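Here is a short briefing to read alongside the model. Have the viewer open, and we will go from the aromatic rings to the core and then to the overall picture.

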Amino acid sequence: MLRTYLPAIVFLGLGGLVGALFVSAGSLLGPKPKTPTTYQADPYESGMPSEVHQGFRFGISFYLIAMLFILFDIEVVFLYPIAVQLRAFGTFALIETAVFIVLLVVAFIYVWRRGALEWR
């Protein structure tokens, strides 16, 4: 039984080894951080100094809306293969897709009514 998993184990081991090799090579050979130079401290092209400071943090609303966008975006991407091959899949796939869209709309309405899309 272990023989059937051997290619996957070797693949994971080689992937970890190559990843560790790249990380260590990047830390050894890559550019080292240095103190900011004068041009980095200058204002932008508009002449206005930057309002973003070193310790600036985005609000939780930004991350929540970003996560919801990714969630709904990925779910909608699942509809493309079904749309391309709907005739080959038949009526059952059409019903499953309709159920999926209904669940997606219900989740969107729930998120909307909870106020997660309101920018604060």
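Rings of Phe, Tyr and Trp (its six-membered ring) are paired if their centres lie within 6.5 Å; planes under 30 degrees apart count as stacked, over 60 as edge-to-face and the rest as tilted. With that in hand, Phe-72, Phe-108 and Trp-112 form one aromatic cluster. This is a predicted model, in which local features need pLDDT of at least 70, side-chain atom pairs count only at pLDDT 80 or more, and totals for chains, interfaces and linings use all residues. Residues are numbered from 1 along each chain as its sequence is written, and side-chain values use heavy atoms, with hydrogens and water left out.

**Aromatic rings**
- The whole structure holds three aromatic pairs.
- One of them joins Phe-72 and Phe-108 edge-to-face, at 5.8 Å centre to centre and 85° between the planes.
- Phe-72 sits in helix α3 and Phe-108 in helix α6, so this pair links parts 36 residues apart in sequence.
- The rings of Phe-108 and Trp-112 are 5.7 Å apart at their centres with planes at 50°, so this pair is tilted.
- Both Phe-108 and Trp-112 belong to helix α6, four residues apart, about one turn of the helix.
- Buried means under 20% relative accessible area, exposed over 50%, and partly exposed in between (1.4 Å probe, protein chains only).
- Phe-72 is buried at 16%, Phe-108 is partly exposed at 34%, and Trp-112 is exposed at 52%.

**Nonpolar core**
- A nonpolar core is a set of buried Ala, Val, Leu, Ile, Met, Phe, Trp, Tyr and Cys residues joined through side-chain atoms within 4.5 Å.
- The largest one has five residues: Leu-68, Phe-72, Leu-104, Val-111 and Ala-116.
- Helices α3 (60-77) and α6 (91-113) each contribute at least two residues to this core.
- Beyond its neighbours within four places in sequence, Leu-68 is in contact (heavy atoms within 4.5 Å) with Val-111, Ala-116 and Leu-117.

**Thr-97**
- Thr-97 lies in helix α6 and is buried, with a relative accessible area of 13%.
- Leaving aside neighbours within four places in sequence, Thr-97 is in contact with Leu-79 and Ile-82.

**Whole chain and confidence**
- The protein chain has six helices and zero strands; helices are DSSP runs (H or I, at least four residues), strands likewise (E, at least two), numbered from the N terminus.
- Of its 120 residues, 8% count as buried.
- The chain averages a pLDDT (the predictor's confidence in each residue, from 0 to 100) of 83, and 81% of the residues score at least 70.
- Where pLDDT is low, the predicted coordinates should not be read in detail.
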